[in-house]
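Here is a short note to read beside the model. It takes the strands in turn.

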Amino acid sequence: DRNGDTLCVWTYPGVSPTIQSLCKRRCSDEGSEKRSFFFRYKTEWVYVVSVPALKDVTPDVESVSLCLVSKIYNPEKYEAMINILIEQYLTTGDPTKLLEGYLSVYTTGKFSKGKLSFDMDSYVDSKAMIAGSCLKDISRMLGVDAVVLWNAVLLKKRILVVCDNLPKLLAVVRTLPQLAWHRKDWSILRPLVSSDQEYLDDLASCGVFIAGTTDPTLSTAASTLFDVVFSVLDRRVIVAESVAADMRMGSVHRDISQILTDAESNPEMSDQDLIKAVAVKTEKMVKNLQSLAGDSKLTEAIIKENVANESMQQWLCRVAIAEGML
């Protein structure tokens with residue numbers, strides 16, 4: 001409001017005190033202009049749209065933020081839903097108008113008011129995994145070092161992306177799981193974190209994650225939490241000494257690197273084409289690794305019997321662990 005306070009004035013049907021506190025702090029940081037973003041805390045996705053208030057409707061309010069909590073990952077769907085709901089509040093200042101729209105979506109999957117409309121069926125949740133991809137941009141940004149990110153995602157390392165531009169940060173973070181497309185796991189994302197203890201505790205409990213932050217000091221302030229740091233501003237990937245040995249690269253990495261770098265100079269190759277090319281190569285490698293055991297369970301001994309190069313033996317053992325084969 002005009003006193004500089006961030007207040008939670010209405011919830012339905014209710015959220016945990018921790019989620020409410022995180023929303024208030026995040027909206028206090030981001031809510032002074034029209035902006036949409038999302039973050040994840042533990043098992044819940046939080047989608048937020050912040051817009052300037054209408055002075056003739058709510059004269060004491062500077063900006064309004066609407067946060068929607070869900071177990072489902074689909075940023076485009078929930079941004080569209082929030083946009084039509086927040087419009088109802090902006091033009092009336094009445095929270096019950098939000099409830100009217102929310103209950104309509106909850107019961108029928110649709111809501112319309114005037115020229116605005118929302119239909120849940122227009123947003124397929126599975127398509128959210130490929131939406132907004134910027135894999136070609138990442139490859140162009142890093143060149144041959146882009147394969148380091150593929151290696152880190154495949155080995156389930158703890159990754160932090162640092163970027164001072166929020167939309168760019170979210171785009172990069174949500175793209176990285178595409179490097180291990182066969183897993184289709186976006187639950188490892190923590191798209192927007194800070195040095196607040198709740199976020200740090202959540203990261204520590206995850207085991208594996210791809211996190212994003214706009215705070216450039218976080219990578220050093222909590223350095224033990226991260227194995228790999230990708231600075232978008234510096235166009236650089238930094239691998240912690242503690243995991244450097246795990247990420248030694250060989251012929252497979254050269255092949256993936258070639259796919260990524262070739263995409264830079266091919267204007268006809270889309271992000272989706274690149275995702276598919278990397279996925280095909282990755283899945284083939286994973287299947288070949290599994291096939292070493294035949295009908296038996298894969299073991300380190302089997303890998304060492306079939307792979308001559310010691311460095312590749314160790315790397316394949318780590319891939320097998322990440323894939324749940326060992």
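1. In which sense do β2 and strand β3 pair, and over how many bridges? β2 and β3 (residues 63–70) pair in the antiparallel sense, over eight bridges. Strands here are DSSP runs (E, at least two residues), and helices are runs of H or I of at least four residues, both numbered from the N terminus. Two strands pair if DSSP finds at least two bridges between them. Y47 stands opposite L68 in β3.

2. A word on the source. This is a predicted model: local features need pLDDT of at least 70, side-chain atom pairs count only at pLDDT 80 or more, and totals for chains, interfaces and linings use all residues. Residues are numbered from 1 along each chain as its sequence is written, and side-chain values use heavy atoms, with hydrogens and water left out.

3. β2 (residues 44–52) also pairs with strand β1 (residues 35–41), antiparallel, over seven bridges. R40 stands opposite W45 in β2. The two strands form a hairpin with two residues between them. K42, in the turn, has a positive phi of about 55 degrees.

4. Now the open sheet. Its five strands run in the order β7-β8-β6-β9-β10, with mixed pairing. β7 (189–190) and β10 (236–239) each have a single partner strand, so one side of each is left without a neighbour in the sheet.

5. β7 pairs with β8 (residues 210–213) in the parallel sense, over two bridges. R190 has A211 in β8 as its bridge partner.
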